Each structure stands twice: as C-alpha cells, then as structure tokens.
Amino acid sequence: MYICEDNAQIRAELESYLKNQILIENYDMRLTLSTRHPEDIIAAIRKTPGRGIYFLDVELNGESMDGFALGQEIRKHDTRGFIIYVTAYKELAFETFRYHLEALDYITKENPEKMYAGMSRCLHIITDRMCEDRSKHRPYFTVKIMDVVKHIPIDEILFFETSGRSHRIVLHADRDRIDFIGSMQELEKTLGERFIRVHRAYLINTTRISELDLKHREIIMDNDARCLFSRNMKERVMKYIS
C-alpha cells in the first residue's frame with residue numbers, strides 16, 4: 001500500500017487510519033510507503049513490482065507531477081493495481097476517465113467522516129477482489145513492452161510465434177497481440193507442460209487446440225487460428241485432440 005499526499009498533517013492522518021484499519025480488520029496488506037514525492041512511489045514499484053494499492057492526492061504542490069500524471073506512471077508498471085484518489089477537488093473526478101486511469105474511487109476530503117468511510121469501503125472492495133482472484137488460482141504471464149508491464153492470463157494465451165525480426169516473439173491471446181523480446185527456449189522452460197513446441201516457429205497452449213488439418217500439417221486453435229506443426233510432432237499433438 002502506498003500514500004502520496006503533499007500535506008504532512010493529512011498524510012499522517014491517512015497513515016494512522018489505514019494502519020488501524022489493517023489491524024482491526026486483519027487485512028492481508030501493509031503500508032509500504034507514505035511520501036509527498038511521486039518519484040518515491042515510482043522508484044518503489046520499479047524495485048518491487050506487484051499489484052499495489054495507491055492512495056493519491058491530485059494536487060501535489062511543489063512536485064514534478066500531479067496525481068493524475070503519477071497514476072499514469074503507476075499504470076505503466078502496475079496495470080492491475082488499485083488507485084484511489086483522496087483530494088479536495090471533487091470537480092476533477094471526471095479527469096480520471098479522461099486519463100484512462102481506471103481508478104477504484106475518487107474520495108473528497110471536505111467531510112472527514114465520509115472520507116474515512118470511503119477509504120474503508122475501498123479496502124473492503126479490494127479485499128473481496130483479491131480473495132476472488134486467489135480463489136480462481138488464475139496464473140498470469142507477465143511481459144514488459146518498453147515502460148509498460150502487462151499481465152495476460154495463461155488460459156487466454158493461444159500460442160507464441162517467432163517474429164520476422166531477430167530475438168522477437170509474438171504472443172497471440174484472446175484480447176492481445178504483443179510483440180516482445182524473448183526466446184522460445186526460455187518460454188518453454190517458464191511455461192511448463194501446458195505449452196509445447198510443435199514447430200520451430202510455434203509454441204502453443206495445448207488446452208486451446210481444437211483440431212488438426214493433416215493435409216496442410218496445421219493445428220487449428222479454438223478461435224480458428226492456425227499454427228504449423230512438424231512431422232515428428234504429429235503423434236504428440238494427436239493426444240490433445242478431444
């Protein structure tokens with residue numbers, strides 16, 4: 001959990017409230033960093049990547065960026081994190097949509113009782129969502145493209161394909177097509193038995209195989225995409241046809 005608030009008194013109050021809530025409710029979370037400097041937040045999540053919780057002020061007086069710019073930087077490293085704005089400027093709430101920040105909530109400071117109630121509600125929502133995610137045991141494949149980190153559910157990946165460019169791989173998924181630097185050998189080691197190398201150019205998700213086209217020596221995936229397979233892989237691939 002991270003706090004970025006330029007007012008020292010308010011920052012201390014937020015720290016105290018959140019720590020007490022974590023203790024009282026026995027939440028599986030902790031306050032990692034509380035600061036007025038947005039650069040500190042960015043440095044911390046670069047050093048320790050993961051799904052975080054961020055309570056951010058919008059106006060960060062005297063700093064290099066405001067809360068919206070900080071939110072954009074956070075999204076480059078933590079696409080699934082929970083961003084909550086706690087601010088005096090209720091009229092700026094619509095800006096979270098303009099910046100495509102997918103903020104969990106926008107809480108105003110004008111009424112302390114309502115502010116703390118809103119923060120408490122956010123903690124409950126986050127806890128419920130995290131518990132739901134864990135119960136699904138849904139693994140993700142993480143890939144970094146430039147300054148953006150993306151998490152793609154393994155079961156949504158169809159196959160990986162070598163690119164026409166050296167040391168480049170193309171990931172084909174239900175909702176993504178991502179070109180990144182990598183090697184098929186490393187992917188095989190990382191992804192385990194669910195994925196098999198059916199051709200020097202293709203590493204496929206065996207759970208997404210639909211049928212074989214023996215005439216053209218192609219595997220047809222369940223979205224109708226096609227991948228070549230080597231002659232010596234025919235018998236092995238046949239095992240995955242239901």
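## A charge over a ring

In this predicted model, Arg80 lies over the face of Tyr140, at 4.4 Å from the ring centre. The side chain of Arg80 therefore counts as a charge over a ring, since the cut-off for that distance is within 6 Å.

## Aromatic pairs

How many aromatic pairs are there? The count comes to nine. In one of them, the ring centres of Phe141 and Phe160 are 5.3 Å apart and the planes stand at 70°, so this pair is edge-to-face. Phe141 belongs to strand E6 (residues 140–145) and Phe160 to strand E8, so the pair ties together parts that are 19 residues apart in sequence. Both Phe141 and Phe160 are buried.

Phe141 also pairs with Phe180: the centres of these rings are 6.1 Å apart and the planes are at 55°, so the pair is tilted. Here, too, distant parts of the chain are linked, with Phe141 in strand E6 and Phe180 in strand E10 (residues 177–181), 39 residues apart. Phe180 is buried, as is Phe141. Ring pairs join Phe141, Phe160, Phe180 and Phe195 into a cluster.

Which strands pair with E12? Strand E8 (residues 157–162) pairs with E12 in the antiparallel sense, over three bridges. In this pairing, Phe159 stands opposite Ile204. Strand E11 (residues 195–199) also pairs with E12 in the antiparallel sense, over four bridges. Phe195, a member of the ring cluster, stands opposite Asn205 in E12.

## A three-stranded sheet

Three strands form an open sheet with antiparallel pairing, in the order E13-E14-E15. At its edges are strand E13 (209–213) and strand E15 (226–228), each of which pairs on one side only. Neighbouring strands of this sheet are turned by 30° against each other on average, direction ignored.

Strand E13 and strand E14 (residues 218–221) run antiparallel and are joined by four bridges. What is the bridge partner of Ile209 in E14? The partner is Met221.

Key:
Residues numbered from 1 in each chain as written. Predicted model: local features only at pLDDT ≥ 70, side-chain atom pairs only at ≥ 80, totals over all residues. Heavy atoms only, no water. Pairing = 2+ DSSP bridges. Helix = DSSP H or I, 4+ residues; strand = E, 2+ residues; numbered from the N terminus. Phe/Tyr/Trp six-rings, centres within 6.5 Å; stacked < 30°, edge-to-face > 60°. Buried < 20%, exposed > 50% of the residue type's maximum accessible area, 1.4 Å probe, protein only. Lys NZ or Arg CZ within 6 Å of the ring centre and 35° of its normal. Axes fitted to C-alpha atoms, helices over the stretch in contact; angles between N-to-C directions.
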